[in-house]
Amino acid sequence: MVRFFLLTLLVFLSPAWSADQEAETARFLSETFSQPPATDTLWLTNEVQSAIHSVLEHDYPAARLRYWRDGQRTAWVLEEIGKEMPITVGISVNNGAVERVSILAYRESRGWEVKSPAFTAQFNGAKLTPQLTLDHNIDGISGATLSVRALTRLARLAILLHNTVMNGHAP
Amino acid sequence: MSKQLNLVAYKAIAVFLLTCFAAPAWADASMEDRLKAMEQRLDSLEQENLTLKRQLQTTDQKVEVTGEQIDKIATQGVPSKAAWAEKTQFGGYGEMSLNQLHNGGPSGNVNQIDFTRFVLFTGHEFNDQLSFRSELEVEHAHLEGNKGELEVEQAYLNYNFNDRLSGRAGIILVPVGILNETHEPPTFYGVDRNPVETNIIPTTWFESGAGLTTHLGSGFTVDSTVTTGFKADAADNYGVREARQEQFQGTLARNPAYTARLKWAGIPGVELASTVQYQADITQGLDATAGGAILLETHAVLNRGPFALKALYANWNLKGSGPASVGANKQNGWYVEPAYKFSEQWGVFARYNRWDNQAGDVIDSRFSQSNLGVNYWPHPDVVVKFDVQNQKSPAGQDAFNGFNVGLGYQF
């Protein structure tokens, strides 16, 4: 067993170390836009925070959010706590529907399966219902219930913020 | 008189003509002045504009800095505790149960209410790679004599080597079964944890040691641990639940337990996993009639829309004449649990469990239990549970039949 441990260490220590979050954000943007647009800022006014509260059940812990916009497509980098630690997620929204969800930083010790494209692809095409829920069913991952719920909240939030930017006011 | 008048008229005409011819020269001078004035005014406006631009730039920078400060305060509370608070998280869960169970066996009826578990967990992120996780648990609300327990169920340092490999060391959960690592009450059906993962796995199973988690891609994950092992006792018929050392002072570390789990979760809502554990001596050298043990466990979790199905099988093989003499050389069990969620708030389930901690002989020692019940989630993190249970047991043994009501939460 000790040999197995050492062998595993040798095999897996050599690949690149985790890239930092800014690099992950840059990667996400370059995958989302052919030419990443300039950073824009959405100030989280009382009106916007009130709408956010109806999705997250708490205010977003920031005064403003940076986002990127090109035509009808916006991209957001958002954070929400899964079980103990915040998950950083990049979400692009096109015409009010989720286009792509990408986990930029996952800090929980369990539930890494949420990072898999097979899981995140479930969000693609999802829109907000009038009740601010997703119109898609998201199948969970055993042992990662809280992380799955956090990601679902963030997908709803990204669409809500997209609609806010597009309409000029919170829904 | 007329000459004088004429002279005056001539003079007037001359003055008029002079005035007329002289006017453009005055106009040119005035225009030049005005142009100069306008030029000066433009210069002044240009300067003013530049100043305003610089001021706007400065204001933007101030707003940016103010925003950053507000963000920090929003995420960290007050600046004085910023670095610590930003990287430290608290959470917890708990459950309370009411059991109304009739029993014709030796232990008699169970009519009790119990705050079964009160758990607080703390996590701290030292940096992107290194973090700490812990769970502190109070069982049965009150500690006195042998009633109630206060235990550190998890306390370990976790290190992410990269996106595919992480390692941990400390008091860790053994990677086995469905409930052992994830047992927050809102995540499972039934007031009490199922008897197979209580008596055969045995949940909650924590040991001191170290482990690695390796993500192989395509949904495959391998968990491997080296931890403290059992200290089984003939007085407990070598039962695996009683054999856990629970990390009291003086926990023996002569013969470790080696555990490996292969898990596949390549399709959302699906988990297939198998665990094998080997221990060279489950009595830590204290019982010459007992020896090594191997655990094999496998389970499946399937979620598709409102439907869910869980199934688990676990089997122990214990070496030595001691365990064999009481049939404890084989200890095994299985359960299957279909469930259906009507809405986000309501779900129903049925579960059939069968287990035997002395399956190695011909003496009947097999238990079975059927449960039927409902979960109500007024909030995704809060659950109210109800189930009825029916147990079948060997002759002369306890068989608890009746109903259970439970409350649970996590945050």
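How many helices and strands does chain A have? Select chain A in this predicted model and count five helices and five strands.

The chain has 171 residues, and 44% of them count as buried. Next, display the contacts within chain A. Of those between residues at least 6 apart in sequence, 58% link residues at least 24 apart.

Now select two helices of chain A: H3, residues 46-56, and H5, residues 145-167. Their axes are 9 Å apart and the packing angle is about 155 degrees. Angles over 145 degrees count as roughly antiparallel, and H3(A) and H5(A) are therefore roughly antiparallel to each other. The crossing of H3(A) and H5(A) is right-handed.

Show the side chains at this crossing. From H3(A), pick A:Val48, A:Ala51, A:Ile52, A:Val55 and A:Leu56. From H5(A), pick A:Arg153, A:Arg156, A:Leu157, A:Leu160 and A:Thr164. By class, the residues in the contact of H3(A) with H5(A) are seven nonpolar, one polar and two charged.

Finally, bring chain B into view and select its contact with chain A. Chain B supplies 44 residues and chain A supplies 35 residues. On the chain B side, look for helix H1, residues 2-76, which gives the most, with five residues. Coloured by class, the side of chain B that touches chain A shows 14 nonpolar, 20 polar and ten charged residues.

Key:
Residues are numbered from 1 along each chain as its sequence is written. Chains are lettered from A and ligands numbered from 1 in the order in which they are written. This is a predicted model: local features need pLDDT of at least 70, side-chain atom pairs count only at pLDDT 80 or more; totals for chains, interfaces and linings use all residues. Two residues are in contact if their C-beta atoms, placed from the backbone, lie within 7 Å. Helices (H or I, at least four residues) and strands (E, at least two) are DSSP runs, numbered from the N terminus. Ala, Val, Leu, Ile, Met, Phe, Trp, Tyr, Cys and Pro count as nonpolar, Asp, Glu, Lys and Arg as charged, and the others, Gly among them, as polar. A residue is buried if 20 or more other C-beta atoms lie within 10 Å of its own, exposed if 12 or fewer, and partly exposed in between; C-beta atoms are placed from the backbone. Axes are lines fitted to C-alpha atoms, for helices over the stretch in contact, and angles run from 0 to 180 degrees between N-to-C directions. Angles under 35 degrees count as roughly parallel, over 145 as roughly antiparallel, 65 to 115 as roughly perpendicular and the rest as oblique. A crossing is left-handed if the near helix is turned anticlockwise from the far one by less than a right angle, and right-handed if clockwise.
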